[in-house]
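Morning, everyone. Let me put one structure on the screen and walk through it.

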Amino acid sequence: MASFNLKINKKKYTVEADPNMPLLWALRDVIGLTGTKFGCGIAQCGACTVHLNGDAVRSCSLPISAVGDGEVVTIEGLSENGDHPVQKAWEEVDVMQCGYCQSGQIMSAAALLEKNPNPSDEEISSAMNGNICRCGTYVRIREAVKKAATLK
Amino acid sequence: MEIIKTHYNRRSFLKVSAAAGGGLMIGFNWLMSCAPSDEKGTLAMPDEWFDINAYLKIGNNGVVTIYSPNPEIGQNVKTAMPMIVAEELDVDWGNVLVEQAPLNTIKYKRQLAGGSQSIRQEWKTLRIAGATARRMLMEAAAQKWQVPVSELTTDKGVIKNASGKTLGYGEVASQAVSVEIPEEVQLKDAKDFKIIGKPTKNVDNKKVYTGQPLFGLDIKREGMLIAMIAHAPAFGMRPKSVDDSAARNMPGIKDVFTITTLPDGIEPQWSDVNAFKELVVVVGDNTWNVMQAKKALKIEWEATSELMSTEGYEKALSDLLEKKADKPARMDGNPDEVFKKAAKIVERTYSAPFLAHNTMEPMNFFAHVTADGAELLGPIQTPEQLRTTTAAVLGLPQEKVTVGMTRQGGGFGRRLYGHFGVEAAVIAKYVNAPIKLVYTREDDMTQGTYRPAYKVKYQAAIDKNNNLVGIKIRGAGIHESPVFANRFPAGAVDHYLVENHSLDSNISTGAWRAPRSNFMAIAEQSFLDEVAEAVGKDPIDFRLELLDRAATKPVGERNDYDAARYAGVLKLVREKSGWDEKKDGVHRGVSAYFCHNSYVAQVLDVVMKNSKPVVQKVWCAVDCGIVVNPEGAKNQLEGGIVDGLGHTMYSEMTFKDGKPDQNNFHNYKLIRNSEAPLEIECFFVENGIDPTGLGEPGLPPAGAALANALYAATGKRLSTQPFAKSELAIITM
Ligand code: FES
Ligand code: FES
């Protein structure tokens with residue numbers, strides 16, 4: 001057990017936990033932010049995607065001891081009122097089926113557009129390839145990323 | 001206009017106390033009773049709610065809450081079912097909130113997600129629920145105004161009388177609760193629908209896209225512990241001894257013990273499929289700590305039955321394909337005779353592996369068992385069956401077990417088999433605390449309940465005039481043969497033979513999105529393509545000729561399809577895809593299949609890019625009768641197509657000595673974004689027939705359309721899934 005000061009969604013949290021505990025479980029079980037999902041635990045599915053200093057990272061494979069004083073943003077902190085362009089585009093395109101993968105998809109898309117405001121089809125697909133959608137909403141995901149680019 | 005007697009499910013319409021806050025629903029909890037869906041977040045909450053019937057309550061300000069009775073697994077019934085109620089209630093959809101109803105077998109009829117049946121089977125009930133409430137509100141208004149109810153009309157939640165006066169539903173709701181339930185109600189004409197048929201967004205969009213807690217895995221309660229299980233690593237094994245000395249002393253760990261979830265003497269139901277009834281359980285304060293302790297367990301396992309390997313059952317299934325069945329499942333004419341005299345015989349064997357469901361949200365369930373009873377909450381497709389088994393296992397009467405449903409991170413059939421809910425209850429009782437059982441992906445993927453491995457051999461006899469005269473189909477699969485004896489092309493061919501074999505295994509299997517159809521469509525529709533080529537006909541023309549034969553002069557009596565509707569989707573997809581114009585460099589495949597009461601035909605275009613096939617576009621024509629929510633319907637079809645292509649192309653479970661070779665997404669490949677079709681376009685037949693479901697029917701044809709397009713592109717007929725294992729390169733953008 002050790003104590004960590006984490007910066008999440010612009011708030012400070014002190015977490016007492018095993019230094020190896022992945023950020024995912026600190027978020028979900030300790031802090032109580034459950035928007036970030038567990039899908040595989042081995043950085044293969046993207047359900048747990050959050051932003052660390054603006055980069056999309058897999059929180060299931062990031063120990064809290066490695067977060068340091070990095071700025072973490074989760075789906076709950078992506079926007080104040082759920083109106084980030086990516087969230088709006090996801091609503092407009094009516095992307096989800098079960099919805100379980102979508103917070104991870106949205107976080108990957110938001111990180112992509114932050115760095116590349118006008119991605120090509122290939123760039124979208126390759127940036128989103130780490131996020132599995134078992135329900136198969138990929139066509140809508142691509143459309144929504146393109147729409148979000150126009151809403152920026 | 002249709003007049004319907006309301007009595008067949010009157011219990012749903014029994015009046016209940018008009019207590020504010022909804023005395024209607026029992027077993028409510030934080031997850032369900034948090035602010036209901038309000039997309040815009042702008043609806044003002046009423047001061048008081050009036051329960052009109054089991055499906056809806058109306059606030060004094062006119063806001064309406066509609067309860068969605070069935071489990072939501074991503075098939076979007078939580079939007080579509082309330083739309084149907086709202087239509088007949090005649091309210092503004094913008095004024096509607098939706099809440100998931102918990103299991104209540106007195107109030108609701110069939111709270112089960114399976115077989116694409118939610119919309120089809122509940123269509124009338126949901127309409128009656130809305131229409132009954134509307135009628136009661138109108139009668140309350142008629143009493144107020146002292147006018148006959150026949151002079152009143154409604155629109156968007158407002159009642160109007162002949163002199164032009166109006167009353168909102170909220171203004172008469174308190175009186176409506178004491179109006180006599182009408183004996184019969186009028187349902188709208190389809191032409192008057194204002195909500196049904198309008199593209200309508202998912203009611204949970206906002207919550208999901210902002211990360212609100214909605215799923216089973218998100219449940220948190222005061223004092224709740226986390227439980228995880230270790231099941232045997234191989235099918236045919238059980239725990240022999242457990243050394244938990246290290247695990248027990250790890251941080252946060254409360255207890256380690258072994259349970260049996262279905263003790264002897266309890267008669268299993270169909271939904272109790274489970275290969276691992278003896279489990280080692282670790283309970284602790286958080287998921288990570290429990291995961292670590294689980295790794296520290298030293299468990300010795302022992303084999304209690306045969307440890308099967310893929311090679312072994314593959315050979316056994318192949319051997320079965322060479323064996324005559326004791327009794328045919330169907331026989332028309334004299335197949336042996338026409339095969340003997342055939343000028344040409346086309347033959348091909350198709351095979352497919354076991355598949356895991358891999359719902360994105362792994363199995364999990366919340367349970368709390370006290371002296372008063374058991375409370376269960378989580379993702380489950382069969383809440384009623386879960387209650388029955390849990391009550392039996394805990395030795396409680398059914399009324400003492402409540403089951404609530406969360407939004408579910410996928411189903412695909414996996415959550416029909418609710419052993420994890422029973423396990424949660426048994427663990428909660430043992431530790432005497434509320435617990436959430438969580439499976440890791442590895443626990444989930446290696447637990448079984450798989451789509452069975454299947455094989456089928458097709459043979460076609462062609463006479464000297466190049467006519468198809470006979471078909472023989474012999475199927476074999478783990479626990480079941482995949483073949484449906486009376487489906488197309490049965491009924492279209494004079495001499496027809498179906499034989500079924502099955503092979504026992506301790507590898508457990510269960511329904512997986514479009515059971516059996518998910519394999520048979522690929523085999524049948526690839527084979528018909530090959531036969532069409534052998535007789536020198538266009539693949540669509542050839543299918544239409546067979547369907548014409550089935551419609552005009554059917555062979556046999558028990559043909560499980562409507563040939564005219566089948567032909568309808570093929571004609572529609574031919575027109576929409578421009579099938580008859582050939583395009584340079586574009587290789588096309590067609591496929592059509594009927595299952596779960598809906599008809600689907602697809603044309604799929606492949607182009608070669610750097611000598612790799614890319615799925616450029618899929619056209620999908622569908623006959624599911626009235627389309628309740630076109631947006632949701634299209635989403636289901638798109639998902640079905642991507643799911644079908646992905647699994648046909650990439651996925652499989654294989655075994656060595658009973659142990660699965662795959663246990664997570666690094667060794668079990670699921671289709672990814674860059675591999676999905678560039679474009680999918682859907683078209684619906686408009687015929688006004690009562691609606692049927694779409695959760696499954698979009699999937700089966702996709703793999704065959706792909707196989708047929710790949711044949712056009714490469715000259716190779718693919719028949720062994722997953723296709724990516726053949727020398728053919730994988731599809732990618
Ligand atoms: S849970 Fe982190 S990538 Fe799957
Ligand atoms: S919407 Fe279900 S996994 Fe993506």
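Chain A has 5 helices and 5 strands. Those are DSSP runs numbered from the N terminus, H or I of at least four residues for helices, E of at least two for strands. The order along the sequence is β-β-α-β-β-β-α-α-α-α. The radius of gyration of chain A is 15 Å, close to the 15 Å from the globule rule for 152 residues, so chain A is as compact as a globular protein of that length. That radius is over C-alpha atoms, and the rule is 2.2 Å times the number of residues to the power 0.38.

Some ground rules. This is a predicted model, where local features need pLDDT of at least 70, side-chain atom pairs count only at pLDDT 80 or more, and totals for chains, interfaces and linings use all residues. Residues are numbered from 1 along each chain as written, chains are lettered from A and ligands numbered from 1 in written order, and side-chain values use heavy atoms, without hydrogens and water.

Back to chain A. The C-alpha atoms fill a box of roughly 45 × 25 × 25 Å along the principal axes. Of the 152 residues, 61% are buried, meaning under 20% relative accessible area with a 1.4 Å probe, protein chains only.

Now the partner. 52 residues of chain A contact 61 residues of chain B, with contact meaning heavy atoms within 4.5 Å. About 4,900 Å² is buried between the two chains, and carbon and sulfur atoms give 54% of that. Buried area is the accessible area (1.4 Å probe) lost on putting two parts together, summed over both. Which residues of chain A lose the most area to chain B? A:Met96, A:Gln97 and A:Arg134, together 16% of what that side buries.

Notes
Buried < 20%, exposed > 50% of the residue type's maximum accessible area, 1.4 Å probe, protein only.
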